Amino acid sequence: QTLDSAEDAITGEGGCFAHDATVKTAGGDRALISSLVPGDMIESHSGGFARVYFTHDHAEPMEIRTLKWSDGELQLTPDHMMPVFTDVCGAKFCAEARQVRARDVRAGDSIYTADGARTVMGVEHARKPARYVLVEGGILTVSGAVASELATSAGVIETAGFRFLDAVGLLHLKPVAAAITAALECPALRVAENMLRPWIHAAPKATRAVSLHRFMAQPIASV
């Protein structure tokens, strides 16, 4: 990975999934990302399921990249983090999988799906409505592809506040929800998130290699 350009730091839109991306529910049905509500159980990876604890629909359509493989496609924003083929994991996703931004996935790269590693055959671009989704454990399977919940490369910093508010039962109180909605639509917040990227990518490789999702899966101490 190379350091992000100054232009990326200013114009990056954060990361989310297109509204018409789908997930598998614990009941075995397929549901649109746009229909999910907190409390829903959706496929995480390796046949497991995870609780949705937060969703947010962005006010304006966002840039969407469609990653296409032989029998499927995933629609997500360019800055969304994606696990890609990693030698230590092999053909099946594992917690040590390396993550890159969707904008850095190219035709010929391998990503993880519910059926194992698949080669990306093409990438398309559009603007569509998008939704931010957080799940326990930080990993979800969307439109058949294993994806991170992370919308930026800020790692656990991005979701720590949401996880804390969820753990203490405050996340969905109306005043809290209204404040979060306003913050997520604030351009200044988006710029701040993107300005963190050069620092993150410049961190020692060994530090970046630590599994973020094993950390996120740990319960937060009660208050």
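1. Two strands count as paired here if DSSP finds at least two bridges between them. With that in hand, take strand E6 (residues 62–69) and strand E7 (residues 72–76): they pair in the antiparallel sense over 5 bridges. The two make a hairpin with 2 residues between them, and Trp 69 sits opposite Gly 72 in E7. Keep in mind throughout that this is a predicted model.

2. Staying with those residue numbers, Lys 68 and Glu 73 form a salt bridge, with the closest N and O atoms 2.6 Å apart. Lys 68 counts as partly exposed, at 24% relative accessibility. Glu 73 is also partly exposed, at 32%.

3. How many salt bridges does the structure hold? There are 8. One of them joins Glu 136 to Arg 51, where the closest N and O atoms are 2.8 Å apart. Glu 136 is in the loop between E13 and E14 while Arg 51 is in strand E5, so this pair ties together parts that are 85 residues apart in sequence. Glu 136 is partly exposed at 42% relative accessibility, and Arg 51 is partly exposed at 22%.

4. There is also a network of salt bridges to look at, linking Asp 79, Arg 101, Arg 103 and Asp 104. Within this group, the side chains of Arg 101 and Asp 104 meet at 3.3 Å, N to O. Arg 101 has a relative accessible area of 5%, so it counts as buried. Asp 104, with 23%, is partly exposed.

5. Now for the aromatics, where the count comes to 5 pairs. Phe 54 and Tyr 132 form an edge-to-face pair, 6.2 Å centre to centre with 75 degrees between the planes. This pair links distant parts of the chain: Phe 54 belongs to strand E5 (residues 49–57) and Tyr 132 to strand E13 (residues 130–135), 78 residues apart. Phe 54 and Tyr 132 are both buried.

6. Tyr 132 has another partner, Phe 162, and that pair is edge-to-face too, at 6.0 Å centre to centre and 70 degrees between the planes. Again distant parts of the chain are linked, with Tyr 132 in strand E13 and Phe 162 in helix H2, 30 residues apart. Tyr 132 and Phe 162 are both buried. Put together, Phe 54, Tyr 132 and Phe 162 make one aromatic cluster.

7. On the cysteines, a search of the whole structure finds 1 disulfide. Cys 89 and Cys 94 form it, with their sulfur atoms 1.9 Å apart. Which hand does the disulfide have? The torsion about the S-S bond is about -70 degrees, so it is left-handed. Both Cys 89 and Cys 94 are buried. Cys 16 is buried as well, with a relative accessible area of 1%.

8. A backbone detail to check by eye: Ser 143 has a positive phi of about 50 degrees although it is not a glycine. Ser 143 lies in the loop between strand E14 (139–142) and strand E15 (145–148). Buried or exposed? Ser 143 is buried, because its relative accessible area is 18% and the cut-off for buried is under 20%.

9. Last, the surface. Phe 164, Val 168, Leu 170 and Leu 173 make a nonpolar patch of about 300 Å². Of these, Val 168 lies in the loop between helix H2 (156–167) and helix H3 (174–184), and at 31% relative accessibility Val 168 counts as partly exposed. Patch residues need over 30% relative accessible area, so Val 168 qualifies on that score with its 31%.

Methods
Residues are numbered from 1 along each chain as its sequence is written. This is a predicted model: local features need pLDDT of at least 70, side-chain atom pairs count only at pLDDT 80 or more; totals for chains, interfaces and linings use all residues. Side-chain values use heavy atoms; hydrogens and water are left out. Patches are made of residues with over 30% relative accessible area and no salt bridge: like charges are joined within 9 Å, nonpolar side chains (Val, Leu, Ile, Met, Phe, Trp, Tyr) within 5 Å. Accessible areas come from the Shrake-Rupley method with a 1.4 Å probe; for residues, only the protein chains shown count as cover. A salt bridge is a side-chain nitrogen of Lys or Arg within 4 Å of a carboxyl oxygen of Asp or Glu. Helices (H or I, at least four residues) and strands (E, at least two) are DSSP runs, numbered from the N terminus. Buried means under 20% relative accessible area, exposed over 50%, partly exposed in between (1.4 Å probe, protein chains only). Rings of Phe, Tyr and Trp (its six-membered ring) pair if their centres lie within 6.5 Å; planes under 30 degrees apart count as stacked, over 60 as edge-to-face and the rest as tilted. A disulfide is a pair of cysteine sulfur atoms within 2.5 Å.
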